[in-house]
Amino acid sequence: MVTEEQISEILQNYDFDNLAIATVCSHSSLQIFDGARKEGFKTIGICVGNPPKYYDAFPKAKPDEFIIVDSYKDIPNMTDKFIEKNAILVPHGSFVEYVGADNFANLKIPTFGNRDVLDWESNRTKEREWLERAGIHMPRVINPQDINGPVMVKYQGAKGGRGFFIAKNYEEFKENVDPNENYVVQEFIVGTRYYFHFFYSPLREEGYKLSKGTLEMLSMDRRVESNADEIFRLGSSKELEDAGINPTYVVTGNVPLVARESLLPHVFSLGEKVVEESLSLFGGMIGPFCLETVVTDKLEIKVFEISARIVAGTNLYPSGSPYSDFIESDLSTGRRIAQEIKLAKSMDKLEKILS
Amino acid sequence: MVTEEQISEILQNYDFDNLAIATVCSHSSLQIFDGARKEGFKTIGICVGNPPKYYDAFPKAKPDEFIIVDSYKDIPNMTDKFIEKNAILVPHGSFVEYVGADNFANLKIPTFGNRDVLDWESNRTKEREWLERAGIHMPRVINPQDINGPVMVKYQGAKGGRGFFIAKNYEEFKENVDPNENYVVQEFIVGTRYYFHFFYSPLREEGYKLSKGTLEMLSMDRRVESNADEIFRLGSSKELEDAGINPTYVVTGNVPLVARESLLPHVFSLGEKVVEESLSLFGGMIGPFCLETVVTDKLEIKVFEISARIVAGTNLYPSGSPYSDFIESDLSTGRRIAQEIKLAKSMDKLEKILS
Amino acid sequence: MVTEEQISEILQNYDFDNLAIATVCSHSSLQIFDGARKEGFKTIGICVGNPPKYYDAFPKAKPDEFIIVDSYKDIPNMTDKFIEKNAILVPHGSFVEYVGADNFANLKIPTFGNRDVLDWESNRTKEREWLERAGIHMPRVINPQDINGPVMVKYQGAKGGRGFFIAKNYEEFKENVDPNENYVVQEFIVGTRYYFHFFYSPLREEGYKLSKGTLEMLSMDRRVESNADEIFRLGSSKELEDAGINPTYVVTGNVPLVARESLLPHVFSLGEKVVEESLSLFGGMIGPFCLETVVTDKLEIKVFEISARIVAGTNLYPSGSPYSDFIESDLSTGRRIAQEIKLAKSMDKLEKILS
């Protein structure tokens, strides 16, 4: 694990008037680059092989330059290239996946956010410990033998929604489970999914105050899951199963939505609790995070997961959302990240938001 | 019921250069306050206990001040507070529910819109009379014994979508109905739901002309219903029923959408008919209203309900919708309400839009 | 078929400083007129009988004038009226349907885009030839006797989604098919639908380069299909069928969405292939087109249809989309069409984009 001192030392040689924001060319990079440019930063795209051509179609979001790697696993050997460009990495959901968790933890490049969060977020047991200590209601974990209603079976570190299935009883569980995989069985919460996009700032003073900073909610989305979102046109899950077709939950995109305003106090209290607990557990989560929830017909909100970085659902809102428009116009999560870096620079507190 | 004269008398003592727009802190208050501020009005949030903290996260939508009540039922005893601040109440969907229908009708505070609409809207029989007299196609009311296809069973005054169920025959009806409740059985219209957000102005002269004013359509949405929108991942409604799980229709949020442009003449004619009939029945509905419809595969539009005030679906569009953008940019329904009050002030006709 | 020479001759008498953009008052006309006005063009609405009143409600999108016809079939006899106004027709999805394919092909009025595309797009066999030659993955065509999994049965020239059905085996096929109609049986691709809105410019040089022009992706949507999108609240397709209720696929509107950024290279390559193949097959498709796809849980993209003109899904974005915002702000597909005409005029190359 890279230390605070190491990052601090690197930063001492940075030219703060020529900072560049760098990320891997995927996931939410369009809005990260677009937002960084709007706040006056240079931008660097990290890619394997040739720069992706699709940026040519989106000139406002095309990075100023590219750092080309043979493999994302090589980034640790190329830190000099980043450092000489005064680069700050902005990790997104695919960044860690591509670079590898160990590489990411050890990467000697200043990185937006607190890298300690990774440990707590990527392990389902620690994630649950974090959220439950925060007083968050999660779906109950169930012993397979005790299944007596619908459950969601999740494999460890499922990527993009692959590796989930729903079982309605122990027989269905046994029939479908892969015993060689590490899995968790949770009660299936009947309701509708909402993904809330928060931003925690340890620096901004005006706003929704927490013990040591402020909390924003910039937007929300619902993920589009292939093939679960449309398979029911063919038949009920039981009929499909009999025909050998199984619903899957791979995320292919996102749809925008808003929640009842009367839910907002509850939504904010969830964000608040998670941040406060992160402060005591590991020094605090910084910047964007997402609570992945189900809202039930009793208007309860069950949190089934947390993402401690920018999520792809924010791609719906490169020029503002029905919520961020009440903060300032044209505010994406990507831009908000750039604003935080700019604020830290102006307060001479970059070390507070980088790791 | 408060009289025209009483409101008129109150208004005589108002300082028209310092009007304030007040509403209860919930439902669609963020856009009502944001819109009012954009039109130059002061804003007052009404809340129980402490002001909701979530406004701190949305500075552009935070009211200038709060009037704190012990209970919304106390508002009738606090009219002086509102009057001394030159307040105009903007009732939203939850306002009447919180304050109580009788209290609302008698409230001696100038209120946007025509309060007489409440009688017609809150009673399913009168609502149907209004809409059918207007020539609107509604789902047929069915005698339970005559059920021979899917029906929707609705209890009186169901709030936020609770207290509905679908039955496909008389047996299912009998099994599920609560005979102690006041209910209505309607044919279930197979199609997709559209909620059209209209605005009727008795003052504006340019636009889509009706007999005495103009009609706008500012946006549309589809409500997200928990758990009906996602429960079918578990099984068909029949399979779920056998497992003791029932779909419910509690609204938790809204998704944006647009309708085929070729439907617009029909959509506008529905809005037109409802307004014209309201003019002859009770002096006219003023400001925002919503027609809650199902569009069938024959491209018929069946109206199953009307809301005679701002609906929460408009929360999707605080900075404009795919429709209001053709009127002017950055136009929310909340802002449109403030514009109407401003126009009435400038024309010296506030009494025409307040009650 | 009208010839290049005929159009060229007509254009020679046009006053290029007073061009007008004309289209039929339906489908996507609001954004076409709004976009044309933003680029400085006059606008002409073509309608049967009186001008539709709904334009009065959308002043920014109301055409400057109307050309009223008794029937759209009469337009060929009224070309003088269009020519004297220096009109350029912008055909949208309903335009060809209303005017008739033969009339459209022969219409002696300068028309945006390449009319030769119609032949390839409106005939399912030629459409498939085009797309498969381009290397696009389409759902397989299946011999009815060989059905051994879910299939989609489509009738020729189905309008707005009517005339499709899903069968899971040969028996279901036989039971439901109308043997008097011309039909095609395709494998049913299990996944979620995405409709990608592209724009091909033979003139613009900056951007995502193809062999002879540039490609943009302005937005995407998912169509709302009545009654298929909500019918499963009543029961599974099998249960519904037993009850004599059949899902239908009539498009009534559209919802916005975004796709995973990691899909974009694939999405663009699909657009690229289709354009390149169109260049060799018939001189190239010009302007807006839409690929109608299913994204599977393997993140494959299967194209089930192409529309070679502006689609109604773009109506979601009259002031920009989460994608076009990275090109320039306030950019609709309608406006993009007007920009292309303006650019052609300034380059003195109108003949390159008109036919």
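User: Which residue of chain B comes closest to the rotation axis?

Analyst: B:Ser236, with its C-alpha at 3.0 Å from the axis. This is a predicted model, where local features need pLDDT of at least 70 and side-chain atom pairs count only at pLDDT 80 or more, while totals for chains, interfaces and linings use all residues. Residues are numbered from 1 along each chain as its sequence is written, chains are lettered from A in the order in which they are written, and side-chain values use heavy atoms, without hydrogens and water.

User: What rotation puts chain B on chain A?

Analyst: 120 degrees, with 0.0 Å of shift along the axis and an RMSD of 0.0 Å, superposing by least squares on C-alpha atoms of residues with pLDDT of at least 70 in both. That is the relation of a three-fold axis.

User: OK, cysteines. How many disulfides are there over all chains?

Analyst: 0, counting a disulfide as two cysteine sulfur atoms within 2.5 Å. The sulfur of B:Cys47 has its closest cysteine sulfur in B:Cys25, 4.8 Å away, which is too far for a bond.

User: Is B:Cys47 buried or exposed?

Analyst: Buried, at 2% relative accessibility; buried means under 20% relative accessible area, exposed over 50%, partly exposed in between (1.4 Å probe, protein chains only).

User: Switching topic: what does UniProt put on A:Glu225?

Analyst: The unreviewed entry annotates A:Glu225 as "binding site", though such annotations may be inferred rather than shown by experiment. A:Glu225 is buried, with a relative accessible area of 9%.

User: Which side chain does A:Glu225 make a polar contact with?

Analyst: That of A:Arg193, at 3.4 Å. A polar contact is a pair of N or O atoms within 3.5 Å; within protein, one must be able to donate a hydrogen and the other to accept it, and residues adjacent in sequence count only if both atoms are side-chain atoms.
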